[in-house]
Amino acid sequence: MPGIDHEMPIELIRNRPETALELLRHVTGMPMPPFVAARVEAADCTQPGPIERRADSVVVVRDETGTAVLAVIVEVQLGRDAGKRFSWPVYVATLRSQHKCDTAEEMVTTIQDFDYLGEKYFSHWLDKGREEGRAEGEINSILMVLDARGLEISDEARERIRQCEDLSQLSTWVRRAATVTSADDLFA
């Protein structure tokens with residue numbers, strides 16, 4: 001409408017605060033909670049004092065020019081915390097203001113989330129650890145069998161056995177340890 005300035009709608013809200021609720025309901029379809037009164041209160045959204053808020057982690061995605069194109073807030077929640085629904089929007093608003101880009105918040109909350117992260121990012125370490133554990137078990141088996149049979153194991157043979165990481169070779173040596181007449185015969 002021509003001639004409407006910024007102050008006119010604000011005056012309407014100041015004179016009849018319920019108008020803001022009616023507009024919100026009309027535009028969004030959102031039902032209004034039961035209320036006794038709606039009042040215009042201080043419009044100053046400045047924090048009363050410095051309040052430190054830190055997300056668990058923030059990932060900022062940048063384009064080839066270095067401009068932020070997306071910020072992702074990552075929060076790990078191991079239990080329910082009803083107060084978080086009031087602090088998380090502050091994280092989003094702050095990062096949007098700082099980086100001038102879209103911002104998303106992601107919660108990692110369940111055992112399934114941790115299983116997914118573990119499988120996706122740590123499985124190679126787990127596999128390596130399992131393989132090292134199997135190799136260590138085979139090495140110990142070779143040395144125990146040779147020792148139980150009363151065979152002397154030279155420092156060189158012991159070192160060669162301990163340095164081997166090939167599970168197939170170690171398995172062969174375990175079988176040979178049961179029948180050889182000397183530790184050096186393992187390597188024949």
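1. Of the 188 residues of the protein, 20% are buried, where buried means under 20% relative accessible area, exposed over 50% and partly exposed in between, with a 1.4 Å probe and protein chains only. The model is a predicted one, in which local features need pLDDT of at least 70 and side-chain atom pairs count only at pLDDT 80 or more, whereas totals for chains, interfaces and linings use all residues. Residues are numbered from 1 along each chain as its sequence is written, and side-chain values use heavy atoms, with hydrogens and water left out.

2. The mean pLDDT (the predictor's confidence in each residue, from 0 to 100) is 83, and 89% of the residues reach 70 or more. Where pLDDT is low, the predicted coordinates should not be read in detail.

3. Six helices and three strands are present, in the order α-α-β-β-α-β-α-α-α from the N terminus. Helices (H or I, at least four residues) and strands (E, at least two) are DSSP runs, numbered from the N terminus.

4. Strand E3 (residues 102–108) contains Thr103, which counts as buried at 16% relative accessibility. Leaving aside neighbours within four places in sequence, Thr103 is in contact (heavy atoms within 4.5 Å) with Leu70, Ala71, Ile73, Val92, Leu95 and Arg96.

5. Helix H6 (residues 167–177) has Leu170, Trp173 and Ala177 buried. Seen down the axis of H6, these buried residues fall within an arc of 60 degrees, so they line one face of the helix; the arc is that of the directions from the helix axis to the C-beta atoms. Ser168 and Arg175, on the other side of H6, are exposed.

6. Which residues form the aromatic pair? The count is one pair, and the rings of Trp173 and Phe187 have their centres 5.0 Å apart and their planes at 80 degrees, so the pair is edge-to-face. Rings of Phe, Tyr and Trp (its six-membered ring) pair if their centres lie within 6.5 Å, with planes under 30 degrees apart stacked, over 60 edge-to-face and the rest tilted. Trp173 lies in helix H6 and Phe187 in the segment after H6, so the pair ties together parts that are 14 residues apart in sequence. Trp173 counts as buried, at 4% relative accessibility.

7. Arg160 lies over the face of Phe187, at 4.2 Å from the ring centre; the rule requires NZ of Lys or CZ of Arg within 6 Å of the ring centre and within 35 degrees of the ring normal.
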